[in-house]
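Hi,

Here is the structure I promised to pass on.

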Amino acid sequence: MSSLDPTFSSYTKSQAQKYAQARLSYPSQLYDTIITHHTQTGGQLGTLADVGCGPGNATRDLALSFEYAVGLDPGTEMISLACQRGARTRTGGEVRFAVAPAENCAAVIAEMMVAGGRGEEKVDLLTAAMAAHWFDMPKFWANAAKIVKPGGTVALWTCASLYCHPSTPNAAAVQAALFRLEREVLSPYELPSNRLSRDLYDKLVLPWDKSGSNKEAFPVSGFVRMEWDRDGILSDGREFFGGESKTVTLTELASGLDTASMVTRWREAHSELVGTDKDCVHEAMNEVRAALGRSSGEGAGDVSIKVGSGTVLLLFKRK
């Protein structure tokens, strides 16, 4: 993440802890897709580098396929938490974490590999999980060209918007409540980076865009784009990507929404409403509850719904 990110990189310790608790891992099918593509196109399973890693969720999962792994994030508290939680590679080595932006990742990763006994070796797989929309992409691509081995892979992905499963009772009204929060209440707090993610990276700067200085390192011929469940329309007609339709209580759903950057900025602008019935997330959950035909208020009990997101995965090969 970079100066484009005014929220996550400045998280306090308590905010980072809440983020780690609410933001769970990604579908195993996503990881399998990345590793399969990487290895079948000549990539090796030596070194992984995950940038914009936050508390290290994706780093921790992917590291299990590699001999050596590092995670970088500009947020001091995010990295502190990643270190506390720890992670291991497939050979049992400890994953190393450091505070650094994606725009300077090549130099930092190289230093970490030297310190970790990896010499001057470059990385096999460079990843960014729900983070690339906060990067200065031309600078990121310049760094990627320096640090990724020939035959290596860059994998970028994001999950966008919140959709209720079509089987949800009164699904149209439930979805309308979720959209109202995202696209009306929080709209004034949406940044261009949020929109990049919401649009599933349709306009993310790629290596051959702008000056095109990195198109030789990452030619368009080696580019693969995969997406699932765009606009909440289930790609397989049954479940959200990876069979990962999640049944969550409205309390759990609210906890996840609490970590959204637009919600954070709304609350900074409306600090007097945080924790009250007028809080943006609280109002949205009450609207969802009403759409489900459930009463609200003290003693009403929690209610569960099945939700998911649209997902996009971009894969690039280093020439």
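Below is what I found in it, going from the whole chain down to single residues.

A word on the ground rules: this is a predicted model, so I kept local features to pLDDT of at least 70 and side-chain atom pairs to pLDDT 80 or more, while totals for chains, interfaces and linings use all residues. Residues are numbered from 1 along each chain as its sequence is written, and side-chain values use heavy atoms, with hydrogens and water left out.

**The whole chain**

The protein chain has 11 helices and 8 strands (DSSP runs numbered from the N terminus: H or I of at least four residues for helices, E of at least two for strands). Its C-alpha trace spans about 60 × 40 × 40 Å along the principal axes. The radius of gyration is 20 Å, which agrees with the value near 20 Å for a compact globule of 319 residues (taken over C-alpha atoms; the rule is 2.2 Å times the number of residues to the power 0.38). Buried residues make up 52% of the 319 (buried is under 20% relative accessible area, exposed over 50%, partly exposed in between, with a 1.4 Å probe and protein chains only). Of the contacts between residues at least 6 apart in sequence, 75% join residues at least 24 apart (contact is heavy atoms within 4.5 Å).

**The cores**

The largest nonpolar core has 40 residues, and Ile109, Leu126, Phe140, Val154 and Leu156 touch the most other members (a core is a set of buried Ala, Val, Leu, Ile, Met, Phe, Trp, Tyr and Cys residues joined through side-chain atoms within 4.5 Å). Strands S1 (47–51), S2 (68–73), S4 (123–129), S5 (148–164) and S8 (304–317) each give two or more residues to this core, as do helices H5 (105–115) and H6 (137–147). Apart from it lies another core of 27 residues, among them Val174, Leu181, Trp266 and Ile305.

Beyond its neighbours within four places in sequence, Phe140 is in contact with Val51, Ala102, Leu126, Phe135, Val154 and Leu156.

**Two single residues**

Thr311 is found in S8 and counts as buried because its relative accessibility is 5%. Leaving out residues up to four places away in sequence, Thr311 touches Thr158, Cys159, Leu200, Met226, Glu227, Trp228 and Phe241.

Cys53 is in the loop between S1 and helix H3 (57–62), and at 7% relative accessibility Cys53 counts as buried too. With neighbours within four places set aside, Cys53 is in contact with Thr59, Gly71, Leu72, Asp73, Ile79 and Phe97. Cys53 and Thr127 are 74 residues apart in sequence, yet 8.8 Å apart in space, C-alpha to C-alpha.

**The cavity**

There is 1 cavity of 30 Å³ or more (on a 1 Å grid over the protein atoms alone, a set of points where a 1.4 Å probe fits but cannot get out; lining residues have an atom within 4 Å of a point). The largest cavity has a volume of about 40 Å³ (the space filled by probe spheres set on the points, which are joined across faces, edges and corners). Lys13, Ala16, Gln17, Glu77, Ser80, Leu81 and Gln84 line it, and H4 gives the most, with 4 residues.

Conventions:
1 Å grid on protein atoms, 1.4 Å probe; cavity = no way out; pocket = protein on both sides within 12 Å on 5 of 7 lines; lining within 4 Å.
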